[in-house]
Amino acid sequence: MKTIRFPHPLVLMVGFILLACLLSYLLPAGVFERHPDAATGRDVVVAGSYHRVAATPVSPLQALVDIPRGLIDAASVIFLVFLAGGAFTVVDLTGALRQGVDWLLAKFRGREAVVIPIISVLFATMGALENMQEEIVPLVPVLLILMRRIGYPTLTAAAVSIGSAAVGAAFSPLNPFQVGIAQKLAQLPLLSGGGFRLVFLLLALTIWIGGTVRYALRHRVQPETAEAADPDAAAPGRNHGLVLLLLFSGFAFFAYGVLKLGWEFEQMAALFFGLGVVAGLVGGLGLSGTAEGFIAGFRDIAFSALLIGFARAIFVVLEQGQIVDTIVNSLSAPLAGLPAWTAALGMMGVHTALHLPVPSVSGQAVLTMPLLVPLSDLIGLSRQVTVLAYQYGAGLCELITPTNGALMAIVAACGVRFDEWWKFVLPLYLLLMALGAAAVVVGIAVGI
């Protein structure tokens, strides 16, 4: 059977931008009224307020202009990726990362398969805590070195990182950017239903990690030596242990800043830049060597970083054409006449379909929850189940949608074609969606 072959990621992104442009001519323009919400600090839609407005089709020339606009909109994320990528290149040039990988492999020699569960749980935890996505891009070179040294295919680096983080985020009991915002909009206590979600999070991670380990073992090749894994690396620097300590301290401070201090992407980028400078000087690269390391990192990460901006441009075109609300209204309206459990599963499907044109999970919550919560009250569906349907439908779509800039950037950084990623991820995605559907049905049955 002939498999789907995706075009080059950049061609795919531009194709979606032109498709959004075409839809602005085919779909009627319409908007919901919005009002500020004190609980979330965001503008939310008013249920039942959808109305048609004058058409504002986006011309092909305007769509091209929206590409740099998308890059500007995503600037804070893009520069985080650039600065963090440069910092990790500097750290790598000191030789500390390769020494750390050698130490890790020595500890797990003969038990390399446990490396995947350990790393997957770490990324899943960050996904569950703070919806980690774009921040993963600069870590890909480190993961690639590790996977190649073990002999696992490069796709495994994407699976243990962005894949695990997306699964952790989708099933999380406390992710502030998904369940947190959705529960606020549904006027539910934060962390309510946490035990229920935690059970299904553990089941989801078991499915994901099991599938990743199975793929890695089935496609294992001859492990690369340290030299073969990074033949262009500079001569090792010094103070490797101190550089690694700086790196781990930086990660700890990063987690504290995100979770406790409410850091935005600008603060994260500043931390990584400072980390790179200090690591370069401590590691013996000097000022010029550190600067050259940053430049090399910028060059290597440029394509992956820019893909994030191109993905953002798709939403810019849809928004400019005023058809995002039209799509939301058209998908959500038919749910009103369905039984509660059917409507809940239908909500999962709606959120899955909406995540292509609305690739932000938090943005999707703000857009849909004010519409679906009153609907769930009307048909006798609990608001907690409505939030579950949103989490699983939108969150799991992060694994497959090509409009997810972080996913596209990480898969590209791993040197993996998107059709190869789809071939790996689709069976696991369907299993996880079935688990999410089961969670929704069980949630209705037990009355959460």
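1. Let's start where helix α7 meets helix α17: Ala 166, Ala 169 and Ala 170 of α7 touch Gln 391, Tyr 392, Gly 395 and Leu 396 of α17 (contact means heavy atoms within 4.5 Å; helices are DSSP runs of H or I with at least four residues, numbered from the N terminus). This is a predicted model, in which local features need pLDDT of at least 70 and side-chain atom pairs count only at pLDDT 80 or more, while totals for chains, interfaces and linings use all residues. Residues are numbered from 1 along each chain as its sequence is written, and side-chain values use heavy atoms, with hydrogens and water left out.

2. Five of the residues in the contact of α7 with α17 are nonpolar, two are polar and none is charged (nonpolar: Ala, Val, Leu, Ile, Met, Phe, Trp, Tyr, Cys and Pro; charged: Asp, Glu, Lys and Arg; polar: the others, Gly among them). How do α7 (residues 155-170) and α17 (residues 383-397) cross? Their axes come within 8 Å, at roughly 170° (axes are lines fitted to C-alpha atoms, for helices over the stretch in contact, and angles run from 0 to 180 degrees between N-to-C directions). The two are therefore roughly antiparallel (angles over 145 degrees; under 35 is roughly parallel, 65 to 115 roughly perpendicular, and the rest oblique).

3. Now look at α14 (residues 324-332) and α16 (residues 361-379), whose axes lie 11 Å apart at an angle of about 25°. That angle is why α14 and α16 count as roughly parallel. From α14 come Val 324, Asp 325, Val 328 and Ser 332, which meet Leu 367, Thr 368, Leu 371, Leu 372 and Leu 375 of α16. By class, six nonpolar, two polar and one charged residues take part.

4. The packing of α2 (residues 60-73) with α13 (residues 286-320) has an angle of about 120° and axes 7 Å apart, so these helices are oblique to each other. Here too the crossing is right-handed. Among the residues in contact are Gln 62, Asp 66 and Arg 69 of α2, and Phe 310, Arg 312 and Val 316 of α13. The contact divides into eight nonpolar, four polar and four charged residues.

5. Arg 312 turns up again at the largest pocket: with Ser 360, Val 361, Ser 362 and Gly 363, Arg 312 lies nearest the centre, among 47 lining residues. Pockets are found on a 1 Å grid over the protein atoms alone, as open sets of points where a 1.4 Å probe fits, with protein on both sides within 12 Å along at least five of seven lines; lining residues have an atom within 4 Å of a point. The volume is about 1400 Å³ (the space filled by probe spheres set on the points, which are joined across faces, edges and corners). The lining has 23 nonpolar, 12 polar and 12 charged residues.

6. The second largest pocket holds about 870 Å³. Closest to its centre, of 27 lining residues, are Ile 119, Leu 122, Val 142, Phe 248 and Phe 251. Its lining has 23 nonpolar, four polar and no charged residues.

Note on methods:
A crossing is left-handed if the near helix is turned anticlockwise from the far one by less than a right angle, and right-handed if clockwise.
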